[in-house]
Amino acid sequence: MIITLIVAWIIFVILWKLVKTTIKTAVTFAAIVVLLYFGFGITPQDVLHKISEITQNFSQTPVRN
């Protein structure tokens, strides 16, 4: 019974840290997008379009052995 509680507590702590990190990342990303929009007039669609262009460039880059 005690081992079960210890394992449950460890899992809870790990999940709690994961949730906190996810929330911090989401807030940081939102702040960056808002700053880009109000500071430079760059819309979220522009950011997503540029990200998709970058990922397409990486997928088309040949791998050297």
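How far apart are Glu53 and Lys50 in helix α2, counted in helical turns? They are separated by about one helical turn, because they sit three residues apart in that helix. Welcome to this protein, which has two helices and zero strands; helices (H or I, at least four residues) and strands (E, at least two) are DSSP runs, numbered from the N terminus. Please keep in mind that this is a predicted model, where local features need pLDDT of at least 70, side-chain atom pairs count only at pLDDT 80 or more, and totals for chains, interfaces and linings use all residues. Residues are numbered from 1 along each chain as its sequence is written, and side-chain values use heavy atoms, with hydrogens and water left out.

**Overall shape and surface**

- The radius of gyration of the protein is 20 Å, whereas a compact globule of 65 residues would have one near 11 Å. This radius is taken over C-alpha atoms, and the globule rule is 2.2 Å times the number of residues to the power 0.38.
- Taken along the principal axes, the C-alpha atoms fill a box of roughly 55 × 45 × 15 Å.
- Of the 65 residues, 3% are buried. Buried means under 20% relative accessible area, exposed means over 50%, and partly exposed lies in between (1.4 Å probe, protein chains only).
- The accessible surface comes to about 6,200 Å², and carbon and sulfur atoms account for 75% of it. Such areas come from the Shrake-Rupley method with a 1.4 Å probe; for residues, only the protein chains shown count as cover.

**Helix α1**

- Helix α1 covers residues 2–40, and Val19 is found in it.
- With its 39 residues, α1 reaches 56 Å from its first C-alpha to its last, close to the 57 Å expected at 1.5 Å a residue. The expected span is 1.5 Å times one less than the number of residues.
- Gly41 follows α1 and has a positive phi, near 75°.

**A nonpolar patch**

- Trp9, Phe12, Trp16, Val19, Ile23 and Val27 make a nonpolar surface patch of about 660 Å². Patches are made of residues with over 30% relative accessible area and no salt bridge; like charges are joined within 9 Å, and nonpolar side chains (Val, Leu, Ile, Met, Phe, Trp, Tyr) within 5 Å.
- Val19 has a relative accessible area of 41%, so this residue is partly exposed.
- Val27 is also in helix α1, and at 52% relative accessibility Val27 counts as exposed.

**Aromatic pairs**

- Two aromatic pairs turn up in a search of the whole structure. Rings of Phe, Tyr and Trp (its six-membered ring) pair if their centres lie within 6.5 Å; planes under 30 degrees apart count as stacked, over 60 as edge-to-face and the rest as tilted.
- Trp9 and Phe12 form a tilted pair, 5.5 Å centre to centre and with 35° between the planes.
- About one helical turn separates Trp9 and Phe12, because they are three residues apart in helix α1. Trp9 is exposed at 55%, while Phe12 is partly exposed at 46%.
- Tyr37 and Phe38 have ring centres 5.1 Å apart and planes at 75°, so their pair is edge-to-face. Tyr37 is partly exposed, with a relative accessible area of 42%, and Phe38 is exposed at 67%.

**Helix α2 and its salt bridge**

- Helix α2 spans residues 44–60 and includes Ile54. With 41% relative accessibility, Ile54 counts as partly exposed.
- The whole structure holds one salt bridge, a term for a side-chain nitrogen of Lys or Arg within 4 Å of a carboxyl oxygen of Asp or Glu.
- Glu53 and Lys50 form a salt bridge, with their closest N and O atoms 3.5 Å apart.
- Glu53 is partly exposed at 30% relative accessibility, and Lys50 is partly exposed at 47%.
- An α-helix has 3.6 residues a turn, so residues three or four places apart point the same way.

**Distances along and across the chain**

- Ile54 and Ala30 are 24 residues apart along the chain, and their C-alpha atoms are separated by 20 Å.
- Val27 and Phe58 are 31 residues apart along the chain, with 27 Å between their C-alpha atoms.
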